[in-house]
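Trainee: I have a structure open and want to learn how to read it. Can we go feature by feature?

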Amino acid sequence: MFIKLLKKIKRIILPHWTDINNDIYNYEKTKKILHMGPGLNKIKNTISIDINSTTNPDFVWDLNKIPWPLESNSIDAVIAMNVIEHLDDTTSVMKEIHR
């Protein structure tokens, strides 16, 4: 219940975060999508990876620690909104996404 309240408050304060949600949600459901650092905004039917265990991601992991706990070539697409620029080594992160 608390998380739902936080999401509602966020949509009011930061509406630009939700402006693109319809485009993001319209991916093929058969694809494996990695959602990096979703925090409280986990998208259904995606594989989430986040350092914050209280948000219940599929993988609790520091994205600065490479390699990530995923098989090579196991992900079809990646959603990373306001995440990559906060990581230590953008080049290494991009290589890991490509892996």
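Trainee: Is Glu96 buried or exposed?

Mentor: This is a predicted model, so keep that in mind throughout. Burial is read from relative accessible area, and under 20% counts as buried. Glu96 has 7%, so Glu96 is buried. Glu96 sits in helix α3, residues 90-98.

Trainee: Which residues is Glu96 in contact with, once neighbours within four places in sequence are left aside?

Mentor: Ile66, Pro67 and Trp68.

Trainee: What does the charged side chain of Glu96 form a salt bridge with?

Mentor: The general idea comes first. Side chains of opposite charge can pair when their charged atoms come close. Here the partner is Arg99, with the closest N and O atoms 2.5 Å apart. Arg99 is partly exposed, at 28% relative accessibility.

Trainee: How many salt bridges are there?

Mentor: The count is two. Asp58 and Lys42 also meet through their side chains, at 3.5 Å from N to O. Asp58 belongs to the loop between β2 and β3, and Lys42 to the loop between β1 (33-36) and β2, so the pair ties together parts 16 residues apart in sequence. Asp58 is partly exposed, with a relative accessible area of 44%. Lys42 is partly exposed as well, at 33%.

Trainee: Back to Pro67. What is the peptide bond from Ile66 to Pro67, cis or trans?

Mentor: Read omega. Most residues other than glycine have a negative phi, and most peptide bonds are trans. The bond from Ile66 to Pro67 is cis, with omega near 10°. Pro67 is placed in the loop between β3 and β4 (77-79).

Trainee: Where does Asn82 lie?

Mentor: In the loop between β4 and α3. Asn82 is not a glycine, yet its phi is positive, about 55°. Asn82 is partly exposed, with a relative accessible area of 44%.

Trainee: What does the side chain of Thr55 reach?

Mentor: The backbone oxygen of Asn52, at 2.8 Å. Then look further along the chain. Beyond its neighbours within four places in sequence, Thr55 is in contact with Gly39, Leu40 and Asp50.

Trainee: What does Ile84 touch, not counting residues up to four places away in sequence?

Mentor: Met36, Thr90, Val93, Met94 and Ile97.

Trainee: Zoom out. How many helices and strands does the protein have?

Mentor: Three helices and four strands. Then read the order. Along the sequence the pattern is α-α-β-β-β-β-α.

Trainee: What share of contacts joins residues at least 24 apart?

Mentor: Start from contacts between residues at least 6 apart in sequence. Of those, 46% join residues at least 24 apart.

Trainee: Last one. What do the overall surface and burial values say?

Mentor: The protein exposes about 7000 Å², and carbon and sulfur atoms supply 55% of that area. Buried residues make up 26% of the 99 residues.

Note on methods
Residues are numbered from 1 along each chain as its sequence is written. This is a predicted model: local features need pLDDT of at least 70, side-chain atom pairs count only at pLDDT 80 or more; totals for chains, interfaces and linings use all residues. Side-chain values use heavy atoms; hydrogens and water are left out. Contact means heavy atoms within 4.5 Å. Helices (H or I, at least four residues) and strands (E, at least two) are DSSP runs, numbered from the N terminus. Buried means under 20% relative accessible area, exposed over 50%, partly exposed in between (1.4 Å probe, protein chains only). Accessible areas come from the Shrake-Rupley method with a 1.4 Å probe; for residues, only the protein chains shown count as cover. A polar contact is a pair of N or O atoms within 3.5 Å; within protein, one must be able to donate a hydrogen and the other to accept it, and residues adjacent in sequence count only if both atoms are side-chain atoms. A salt bridge is a side-chain nitrogen of Lys or Arg within 4 Å of a carboxyl oxygen of Asp or Glu.
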